Amino acid sequence: VGGLLLFDITNRRSFQNVHEWLEETKVHVQPYQIVFVLVGHKCDLDTQRQVTRHEAEKLAAAYGMKYIETSARDAINVEKAFTDLTRDIYELVKRGDISIQEGWEGVKSGFVPNVVHSSEEVVKSDRRCLC
């Protein structure tokens, strides 16, 4: 029911493929809809940037999605991208814009996840690994 749509900020061609990737997903999930967050990854390589933040934000806005920049290498906003997407989905479910539907593999009824603490919470609570 949700997805992260990634492109490489150091590769203009990957950015230019975003529209095609969105159209491809629509074909595979119709008649259902997916909530996306547009993710510009490799933000740690800012000096090699080929796609500006402004043009990525503009594209995200045109498709009605949020935009975030991440770096897996430097652990920048990776967890936030997943958290933001999950919150967006949750809000749409609460408002009734996304519902449990027979035959749709998106939102499932009766699933109760285990409580998972984010890596940020572990750091904030001063818990440290003893290894």
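Helix H3 (residues 53–62) lies across E1, E2 and E3 and runs at about 145 degrees to E3, where helices (H or I, at least four residues) and strands (E, at least two) are DSSP runs numbered from the N terminus. Helix H4 (residues 78–95) also packs on the sheet, touching E1, E2 and E3, and its direction makes about 165 degrees with that of E2. Such angles run from 0 to 180 degrees between N-to-C directions, the axes being lines fitted to C-alpha atoms, for helices over the stretch in contact; contact itself means heavy atoms within 4.5 Å.

## Basis of the description

This is a predicted model, in which local features need pLDDT of at least 70 and side-chain atom pairs count only at pLDDT 80 or more, while totals for chains, interfaces and linings use all residues. Residues are numbered from 1 along each chain as its sequence is written, and side-chain values use heavy atoms, with hydrogens and water left out.

## The parallel sheet

The three strands form an open sheet with parallel pairing in the order E1-E2-E3, two strands being paired if DSSP finds at least two bridges between them. Strand E1 (2–8) and strand E3 (66–70) are the edge strands, each pairing on one side only, and the twist averages 30 degrees from one strand to the next.

Seven bridges link E1 and strand E2 (residues 35–41) in the parallel sense, and the bridge partner of Gly2 in E2 is Val35. E2 and E3 also run parallel, joined by five bridges, with Thr70 in E3 as the bridge partner of His41. The chain crosses from E2 through H3 to E3 in a right-handed β-α-β crossover, that is, with the strands pointing away from the viewer, the path from the first strand over the helix to the second runs clockwise. E3 is mostly covered, since four of its five residues are buried (under 20% relative accessible area, with a 1.4 Å probe and protein chains only).

## The surroundings of Ser14

Ser14 lies in helix H1 (residues 12–16) and is buried, with a relative accessible area of 11%. Leaving aside neighbours within four places in sequence, Ser14 is in contact with Phe7, Asp8 and Trp21.

The side chain of Ser14 reaches the backbone nitrogen of Asp8 at 2.9 Å, and the Ser14 side chain also reaches the backbone oxygen of Asn11, at 2.8 Å.

How values were computed. Buried < 20%, exposed > 50% of the residue type's maximum accessible area, 1.4 Å probe, protein only. Polar contact = N/O pair within 3.5 Å; in protein donor to acceptor, adjacent residues only side chain to side chain.
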